[in-house]
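Walk through this fold from the inside out. Begin with the core, then follow the elements that build it.

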Amino acid sequence: MILEEININQINEFWEMFNRYMHEDIIPNWSLCGGEHTAMSEYYFSDTYHNTITTLFQCDKQPVRIGFYKDGDKVLGFAMYVVYNLEDCKGFIMEYCILPEYRNKGLGSLAYQILENEIKRLHGKFIDLTTSNENNTRFWHSHGFEKTNIADSDGEYFFRKLL
């Protein structure tokens, strides 16, 4: 398995996978966002969000990176992340998904290790992320992430792993 950065010509394919992931995985299982499901989900499907991410994806400095996890030509999932190496060298995993048909085969752990190595290669010193439900929390905890006392603007606490 590899993590292959996409190019702008693949952005629509990413958004199709992202929307499926939100509809099938995140929204039905959202248990940690304090009842703000509707407003948050509307935002993630909005042109504003898609355009903002697409613009940040095309930045020269500290771009949002989007990669497809691939086995040959087969796409197994995706990751969206950024490394703020002009600031504190924080890696931030914005989205992480193994497609449902490839789950429960150990690929999530392998995919995470590939992503961690990529963040290290980009000089990340630690990784932050937020979780949406207890299953996500258990997965990230099993990979060394600990809940911090720092919350985002939606009141969700960050989980952090030092590299």
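The model is predicted. Start with its largest nonpolar core, which has 43 residues. Phe 14, Phe 18, Ile 66, Tyr 69, Ile 93, Tyr 96 and Leu 115 touch the most other members. Helix 1, helix 3 (47-57) and helix 4 each supply at least two residues, and so do strand 2 (65-71), strand 3, strand 4 (90-98) and strand 5 (126-129). Helix 1 gives the largest share, eight residues. As a rule, nonpolar side chains in soluble globular proteins tend to be buried together.

Take helix 1 next. It has 19 residues and spans 26 Å from its first C-alpha to its last, close to the 27 Å expected at 1.5 Å a residue. The helix is bent, by about 40° at Met 22. Its buried residues are Ile 11, Phe 14, Trp 15, Met 17, Phe 18, Tyr 21, Met 22, Asp 25 and Ile 26.

Now look at the rings. The whole structure holds 20 aromatic pairs. One of them joins Trp 15 and Phe 18, edge-to-face, with 5.2 Å centre to centre and 90° between the planes. Why are these two about one helical turn apart? They sit three residues apart in helix 1 (residues 11-29), so about one helical turn separates them. Both Trp 15 and Phe 18 are buried.

A second pair reaches out of the helix. The ring centres of Tyr 21 and Phe 78 are 5.3 Å apart, and their planes meet at 85°, so this pair is edge-to-face. Tyr 21 belongs to helix 1 and Phe 78 to strand 3 (residues 74-84), so the contact ties together parts 57 residues apart in sequence. Tyr 21 has a relative accessible area of 9%, which means that it is buried. For Phe 78 the relative accessible area is 0%, so Phe 78 is buried. Ring pairs also build a cluster: Phe 14, Trp 15, Phe 18, Tyr 21, Tyr 43, Tyr 44, Tyr 49 and Phe 78 are linked in this way.

Move on to helix 4 (residues 107-121). This helix has 15 residues and reaches 21 Å from first C-alpha to last, close to the 21 Å expected at 1.5 Å a residue. Buried here are Leu 107, Gly 108, Ala 111, Tyr 112, Ile 114, Leu 115, Glu 116, Glu 118 and Ile 119. Leu 115 is also one of the core residues that touch the most other members. Just after helix 4, His 123 takes a positive phi of about 75°.

Leu 3 is in strand 1 (residues 2-5). With a relative accessible area of 18%, Leu 3 counts as buried, the cut-off being under 20%.

Finish at a hairpin. Strand 6 (residues 146-151) and strand 7 (residues 157-162) run antiparallel, joined by three bridges. Glu 146 stands opposite Arg 160 in strand 7. Five residues lie between the strands, and in this hairpin Gly 155 takes a positive phi near 85°.

Technical notes. Residues numbered from 1 in each chain as written. Predicted model: local features only at pLDDT ≥ 70, side-chain atom pairs only at ≥ 80, totals over all residues. Heavy atoms only, no water. Pairing = 2+ DSSP bridges. Helix = DSSP H or I, 4+ residues; strand = E, 2+ residues; numbered from the N terminus. Phe/Tyr/Trp six-rings, centres within 6.5 Å; stacked < 30°, edge-to-face > 60°. Buried < 20%, exposed > 50% of the residue type's maximum accessible area, 1.4 Å probe, protein only. Expected span 1.5 Å × (residues − 1). Bend = angle between axes of the 7 residues up to and from the residue. Core = buried A, V, L, I, M, F, W, Y, C linked by side-chain atoms within 4.5 Å.
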